[in-house]
Amino acid sequence: MNRNFSFPRRTSSDTQLDKVQGIKGASVYNIHGLAGSQGSLSIPPIHRDVPGYRGSNEFILSDDKKTTMDQLREIGPWCRRKYKSIFRKKILYKRVPVLSWLPKYNGEDAIGDLVAGFTVGLTVIPQALAYSSIAGLPAAYGLYGSFLGCFIYILLGSCKDVPMGPTAIASLLTFQVTNGIWQRAVLLCFLTGLVELLMGLFALGFLIDFVSGPVSSGFTSAAALIILSSQVKDLLGITAKGNTFVEQWQAILVDIHNTRLGDAVMGFTCIVVLLLMRLLPRVKFGPPEVEDQSLLQKIMNKTMWLVGTARNAIIVVVCGSIGAAFYNNGQMPFKMIGDVPKGLPSVQPPPFYVPEVKDANGTITQEYESFGDMLGSFGSMLIVIPLIALLEDVAICKAFANGKPVDATQELIAIGVSNIANSFVQGYPGTGALSRGAVNNASGVRTPFGGLYTGIIVILALLFFTPYFFYIPKAALAAIIIAAVIFMVEVRVVKPMWRSKKTDLIPGIAAFIACLALPIEYGILVGIGLNVVFILYHAARPKLHLDQLITPCGIKYLMLTPDRSLIFPSSDFVRNLINKHGLKNQTPVVIDCTHIYGADFTAAQVIDTLIKDFKMRNQMLLFLNLKPSVCNVFEGAELEYRVFYDIEQLEKAIQEIRRKSFQA
């Protein structure tokens, strides 16, 4: 970006005055801006016989500073410019992506979206039923949150592969906040959607940049183990409750003697079958190239792929049929999910309170909670859940972006509006699921319109198939979840991380352990906090390159080059290093500021102290290539310093000052 600098213009009277005083004319140095632009900078003398720039209030490098009244007058025009820039056709197409791809929609797109939408629909129904148990909610609530968001995402979503709906991690976070109370879950859906929408409108998608890869891997791996642990009770047919990993296993071990044989056999059998079916898409008949395969081979390959992809739906149908066959007037060999209300949910605002509930004996089984009580119980999760939802969603977008940029802000708007809409049909928080996104992509989805068919399949399931959901064993749903989340434990990243940078393992392992031992939001904060500490430590300990140089006349001097900007954590460290080298060498010291692109007031104060330290020792301290923005900071702090922008002039100044000191 080009910057315009204001400098005092020298007149003929100034030149005459210089002659009278015996001061040489100012040297002209080139300043290279960030964009490579060059500007001519007239530098007043720092000494009667030494050209250079002596920092003082007499010469201030400025950016055409304006008065407060001038800035206030510009508010109106600025608002009008922003209004015109926002309400443009380009912005409209960017924030409503359907306007870009819908006019180009064709028959091939329709076929690709139909196949993908149908395939994802077969995946989302069993997942929605299973994820509801993770959230501690009745099975219907998973389906309620799986159709309207799909329709909204068609309009606002920027990625064709994102299938909006419940996810394993979102369900886990929902359970830890709501403890299985559906009113809390629905209100949480509304509020998280609102936060996501506001974050999108204020372009806060960059916040996910503060969650590093190691922390994300540690959190995801811990969440996978927590989810897996939460399903062990259904896998064994026992009763166990707990929010953290430790609490869950303590409860499991207490009740493990009540394991039901039927549930355990069905659960472990389903896990084995699901893992084997997962391999089916890799089985290929005939030549590796599709063009060389016969029609029969193509059909067999597509069939194997479809069976492997729809394995969850197949397991649900088969196990549901087994459950129905063995069901006998209330006698169930397996624990089943029970009644699922038939039909679509009623459209109504999310509940803003939890009613008091009493049993037949008049005992209160559920306390009344006001909106304030519910809001207080959500706490930091109102920030954590939107961030994690964005992480999951952006992970899908990046995985299938094929080099295209990912608009995190638009994704925040899309999932935010989707969650707000879902809360009006009694859904709980959701986002894009990576497993369904992979199915969507592999199925040949062409546009976000595939979500229409997924949503329609969920609606049909609610309208016609809910009576049959009664017979689905909980052990089968637990097996579906366990067979999916074991691949979320990211063990494979440890080895390359160890080879690449071992210290990156520290925040990752810390986040992993903290998420297992503490409530999961604290675990994430531990990982992010450690990352920030590493970043601050890195910023507070810049590297200082040391060069011993000699002027053409044989005067030795020391060139010190910091490798980054001067900010308050690093100021004292840099001062001590420079003082140390200055005392050791007792030669003129030059600080090369080529890599210093910014400074703050604290750094300016420390540099002022450093200048005084050198002055007390009668040791020369000069600056080279000081950026205009840093000059502004130093000038504002009223520093007395000498800066040069040409190595020849610098060495001439060193020689001249040394000569003057010998003469004195």
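**Close-up 1. Aspartate 109 in helix H6 of the predicted model**. Aspartate 109 has a relative accessibility of 9% and therefore counts as buried (under 20% relative accessible area; exposed is over 50%, partly exposed in between; 1.4 Å probe, protein chains only). Helix H6 comprises residues 107-134; helices (H or I, at least four residues) and strands (E, at least two) are DSSP runs, numbered from the N terminus. When residues up to four places away in sequence are not counted, aspartate 109 touches Lys104 and Arg446, contact meaning heavy atoms within 4.5 Å. A separation of 7.0 Å is found between the C-alpha atoms of aspartate 109 and threonine 447, which lie 338 residues apart along the chain.

**Close-up 2. Glutamine 231 in helix H11**. The helix spans residues 213-236. Glutamine 231 is buried, its relative accessible area being 1%. Neighbours within four places in sequence aside, glutamine 231 is in contact with Ser133, Ile134, Ala478, Ile481 and Ile482.

**Close-up 3. Helix H10 and the residue alanine 203**. Of the 20 residues of H10, 16 are buried, so the helix is largely enclosed by the rest of the structure. Just after H10, alanine 203 adopts a positive phi of about 55°.

**Notes to all views.** Residues are numbered from 1 along each chain as its sequence is written, and side-chain values use heavy atoms, without hydrogens and water. In this predicted model, local features need pLDDT of at least 70 and side-chain atom pairs count only at pLDDT 80 or more, whereas totals for chains, interfaces and linings use all residues.

Key. Expected span 1.5 Å × (residues − 1).
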